Amino acid sequence: MIDGRVVEGYRAPGPLPSEDGFLELSQVIQVCDTKGKELVSTPMDHFIPASRITDLEEIARAGGRRDSLS
């Protein structure tokens, strides 16, 4: 994200959010700062504005679930 946070979690299959939308994670696995130090997840880590995402990596999982890293 723009502030350097890395949020890893699961999202439902489907299109990625548009510029003015949100990336909605159903489960947050891990949140780290720019140095890789683990942070406590907040409720806002489940709804990330697309405008704050700088990098997104999707990894398909068995059963149609996806890991999202932003």
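A residue is called buried under 20% relative accessible area, exposed over 50%, and partly exposed in between (1.4 Å probe, protein chains only). The model is predicted, so local features need pLDDT of at least 70 and side-chain atom pairs count only at pLDDT 80 or more, while totals for chains, interfaces and linings use all residues. Residues are numbered from 1 along each chain as its sequence is written, and side-chain values use heavy atoms, with hydrogens and water left out.

**Salt bridges**

- A salt bridge here is a side-chain nitrogen of Lys or Arg within 4 Å of a carboxyl oxygen of Asp or Glu, and the count is two.
- R5 and D45 form a salt bridge through their side chains, at 2.9 Å from N to O. R5 lies in the segment before β1 (6-11) and D45 in the loop between β4 (38-39) and β5 (47-49), 40 residues apart.
- E58 and R11 form a salt bridge at 2.4 Å, N to O. This pair joins strand β6 (residues 57-60), which holds E58, to strand β1, which holds R11, 47 residues apart.
- Strands are DSSP runs of E, at least two residues, numbered from the N terminus.

**Burial of the charged residues**

- R5 is buried at 18% relative accessibility, and D45 is buried at 3%.
- R11 is buried at 6%, whereas E58 is partly exposed at 32%.

- The largest nonpolar core has seven residues: V7, L23, L25, V28, V31, I48 and I53.
- Such a core is a set of buried Ala, Val, Leu, Ile, Met, Phe, Trp, Tyr and Cys residues joined through side-chain atoms within 4.5 Å.
- L23 is in contact (heavy atoms within 4.5 Å) with R11, P17, H46, F47, I48, I53 and L56, leaving aside residues up to four places away in sequence.

Terms used. Helices (H or I, at least four residues) and strands (E, at least two) are DSSP runs, numbered from the N terminus.
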